[in-house]
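Welcome, and please open the model in your viewer. We will go from one selection to the next and look at what is there.

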Amino acid sequence: MTPTITAFAQSPDRGRGLARDMAVRWALEEVGQPYDVRLLSFSAMKEPTHRAIQPFGQIPTYQEGDLTLFESGAIVLHIAERHAGLLPDDANGRSRAITWMFAAFSTVEPPIVERSMVQYLEHDKTWYEERLPLLDDRIHYRLGDLSNHLGGADWLDGAFSAGDLVMVAVLRRLGSLDILQKYPNLSAYVARGEARPAFKRAFAAQLAVFTATLTG
Ligand code: GTB
């Protein structure tokens with residue numbers, strides 16, 4: 001059965017692939033699973049019909065037969081568990097790959113998200129200029145450790161896995177900030193992820209949604 005995911009009808013990232021449907025699309029492309037996309041406006045996301053499948057009124061969601069999921073991490077894990085290609089065959093390797101998914105979401109991403117929220121919501125506050133460098137320090141603290149762990153390896157633990165997919169998606173949220181460039185091995189790591197054919201297909205698909213909003 002072809003799964004259906006939800007995504008922004010008009011993504012605020014203007015097609016940069018930073019919204020959380022991107023990781024889900026990428027995972028589906030990695031395993032070769034075709035999918036449909038239901039695009040939602042901001043108001044539709046807050047309707048009871050959508051909240052029935054996403055209690056927080058957000059994207060993405062994933063529907064496949066009688067299974068409905070939300071939370072991009074849970075969706076990527078579901079895809080990785082049901083298809084070959086995103087988790088190692090051996091049980092310990094699978095657990096380590098899942099550990100990296102959690103590390104991406106729970107340890108690396110929080111200061112990155114907090115910085116973008118402060119930038120977005122608090123730029124006019126008196127404390128803004130003082131707060132930003134503190135948040136940058138917290139991001140650097142995590143990136144320094146991640147960089148040391150990755151060293152000269154291509155991926156975090158052997159072959160590319162769902163752990164790398166999620167970690168690359170998280171690091172991409174640093175966008176055009178001059179932060180990732182200070183870690184050449186992490187910049188190369190993200191570039192390796194973005195060079196994967198599955199990433200390119202997923203990126204093109206979400207970009208097409210944005211392009212359609214310009215022409216339509
Ligand atoms: N923990 C949830 C998950 O991983 O699925 C978080 C889902 C989430 O944050 N969804 C966001 C959403 O629906 C879109 S992705 N927001 C609407 C709302 O809450 O009302 C977050 C996002 C949005 C925009 C950018 N951007 O413009 O760069 C990047 C990321």
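**First stop: the largest pocket**

Start with helix 5, which gives the lining of the largest pocket its largest share, seven residues; helices (H or I, at least four residues) are DSSP runs, numbered from the N terminus. Keep in mind that this is a predicted model, in which local features need pLDDT of at least 70 and side-chain atom pairs pLDDT 80 or more, while totals for chains, interfaces and linings use all residues. Residues are numbered from 1 along each chain as its sequence is written, and side-chain values use heavy atoms, with hydrogens and water left out.

A pocket here is an open set of points on a 1 Å grid over the protein atoms alone, where a 1.4 Å probe fits, with protein on both sides within 12 Å along at least five of seven lines; lining residues have an atom within 4 Å of a point. The largest pocket has a volume of about 1100 Å³, taken as the space filled by probe spheres set on the grid points.

**Second stop: the ligand**

Show the ligand, which sits in the largest pocket (more than half of its atoms lie within 2 Å of the pocket's grid points). Which residues come nearest to the ligand? Select Lys 46, Gln 58, Ile 59, Glu 71 and Ser 72, out of the 15 residues around it (a heavy atom within 4 Å).

- Lys 46: an N or O atom of its side chain is 2.6 Å from a ligand oxygen atom.
- Gln 58: a polar side-chain atom lies 3.0 Å from an oxygen atom of the ligand.
- Asp 13: here a polar backbone atom is 3.2 Å from a ligand oxygen atom.

The protein covers 77% of the 680 Å² of accessible area that the ligand has on its own (Shrake-Rupley method, 1.4 Å probe).

**Last stop: the second largest pocket**

Finally, select the lining of the second largest pocket, including Arg 20, Glu 71, Ser 72, Phe 102 and Glu 109. Helix 4 (72-82) and helix 5 are the elements that give two or more residues to this lining, and helix 5 contributes the largest share, five residues. The second largest pocket has a volume of about 190 Å³.

Methods
Polar contact = N/O pair within 3.5 Å; in protein donor to acceptor, adjacent residues only side chain to side chain.
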